[in-house]
Amino acid sequence: MKKDNWLLIALLALALPLGGCSDDDDEDELVGNWVKVSDFDGVARCSAVTFTVDGKVYVASGGYGGYKYKLNDLWVFNEDSGTWTQKASMEGTARTYAVGFATDRYGYVGLGYDGDSYLKDFWRYDPESNSWEKASDFGGSARRAAVSFSVLGTGYVGCGFDGNHLKDFWKYNEEADSWEQITSIGGSKRIGASSFVINDIAYVVGGENNSDVVTDFWAFDPSTGTWTEKREIANVSDEEYDDDYSTIPRSYGVAFSMYGLGYFTCGENAGSGRSNTWEYNPSDDTWTERTSFEGGTRSEAVGFSINNKGYVLTGKSGTAQYDDMWQFFPQDEYDEND
């Protein structure tokens, strides 16, 4: 056989394993697909808040123009038409870095930063009358970048920054219009944390303390008033499940839940934007990476789920603010052309 033929056979033999690797790479592609939907109708913004009352989602407050301008407007989302309608503006001071939560009847917005001072006031929104009224001031210190959640019709607020990083937590009593301090979250103090609720258990994930992202992860059970530490969102074990967890920690991210699973995306780590999307399964306390957020990389966005549909909208990257909105389909194959 000629020398040239031997060389051709050798090259073909080397190429065969490469084809096999390509098939393996296809199998390893992440699951999940993001689809851009109708833009948010309000001003592009960051550090807004969201709350849900009677199956309707509201977005309020935030800032634009590099935080130069603060907002106190309110918008409601019509899922059937995919459109937004402006409602009565909050009567309190326009602000960034506020929190929002809802009870069975009302939405609440409070805390935050007005450009000069940290705030501790809270305002109650009545969807039936489309009106706001002053609620009791927050029981803790005035602060920004706290975290909030609603469980079984009750609102909870904690952590944040009042000149120092915080980890205290408070429960709102709507009937008495008063605040009660409850057990602090364990582990690290934090600002810019995120939360989601699954089966009446609230989870607090992410945030930063002294400019470092935190990796401890906590669950709160309102029936007992206790916090339980879950597995750390870092590669700290000798097992394989957390080998890729280094891309989970972040601050100012977005969290929501669907079909009994939690989702965590966007945000920033050490000033770098994050688009990795992670899915949390409470049944085995593990995280699985899904397709990265397909919009512009951003932090200080808002997210919500309604009828087991998850959305992410607004946010910032550098001095730019966003008004686009994306829906996430966690079980769909990625489609770059949709």
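**A hairpin and its surroundings**

Reply: V302 stands opposite L313, a residue of strand β27. Let's start from that pair, keeping in mind that this is a predicted model. V302 belongs to strand β26, which covers residues 302-306, and five bridges join β26 to β27 in an antiparallel arrangement. The two strands make a hairpin with two residues between them.

Now look at the turn. N307 is found in the loop between β26 and β27, and its phi is near 55 degrees, a positive value in a residue other than glycine. Is N307 buried or exposed? N307 counts as exposed because its relative accessibility is 58%, and the cut-off for that word is over 50%.

Strand β27 tells another story. Four of the five residues in β27 (residues 309-313) are buried, so the strand is largely enclosed by the rest of the structure.

D39 is found in the loop between β1 (33-37) and β2 (49-53). Its relative accessibility is 32%, so D39 counts as partly exposed. If you want a sense of scale, go from D39 to K189: they are 150 residues apart in sequence and 35 Å apart in space, C-alpha to C-alpha.

The hairpin we began with has a counterpart to compare. Strands β14 and β15 also form a hairpin with two residues between them, and N199 in the turn has a positive phi of about 50 degrees. Five bridges join β14 to β15 (residues 201-205), and the two run antiparallel. Here F196 stands opposite Y203 of β15. Strand β14 (residues 194-198) is mostly covered, with four of its five residues buried.

A positive phi turns up at L111 as well: the value is about 60 degrees, although L111 is not a glycine. L111 is found in the loop between β7 (107-110) and β8 (122-126). Is L111 buried or exposed? L111 is buried, because its relative accessible area is 0%.

Four strands make an open sheet in the order β20-β21-β24-β25, with antiparallel pairing. β20 (254-258) and β25 (286-290) are its edge strands, each pairing on one side only. On average, neighbouring strands of this sheet are turned by 25 degrees against each other, direction ignored. Within the sheet, β24 (residues 277-281) pairs with β25 over five bridges in the antiparallel sense, and the bridge partner of W278 in β25 is E289.

W278 and E289 come up again when you look at T247. T247 lies in the loop between β19 (226-229) and β20. Leaving aside neighbours within four places in sequence, T247 is in contact with R274, N276, W278 and E289. With W278 there is also a polar contact between the side chains, at 3.1 Å.

A search of the whole structure finds zero disulfides. C266 is in no disulfide, and the nearest cysteine sulfur, that of C46, is 13 Å away. C266 is buried, with a relative accessible area of 0%, and C159 is buried too, at 1%.

Finally, how far can you trust what you see? The protein averages a pLDDT of 92, and 92% of the residues score at least 70. Residues 1-27 are another matter: pLDDT stays under 50 there, and the model has two contacts for them beyond four places in sequence. Where pLDDT is low, the predicted coordinates should not be read in detail.

Methods
Residues numbered from 1 in each chain as written. Predicted model: local features only at pLDDT ≥ 70, side-chain atom pairs only at ≥ 80, totals over all residues. Heavy atoms only, no water. Disulfide = S-S within 2.5 Å. Buried < 20%, exposed > 50% of the residue type's maximum accessible area, 1.4 Å probe, protein only. Pairing = 2+ DSSP bridges. Axes fitted to C-alpha atoms, helices over the stretch in contact; angles between N-to-C directions. Polar contact = N/O pair within 3.5 Å; in protein donor to acceptor, adjacent residues only side chain to side chain. Contact = heavy atoms within 4.5 Å. pLDDT = per-residue confidence, 0-100.
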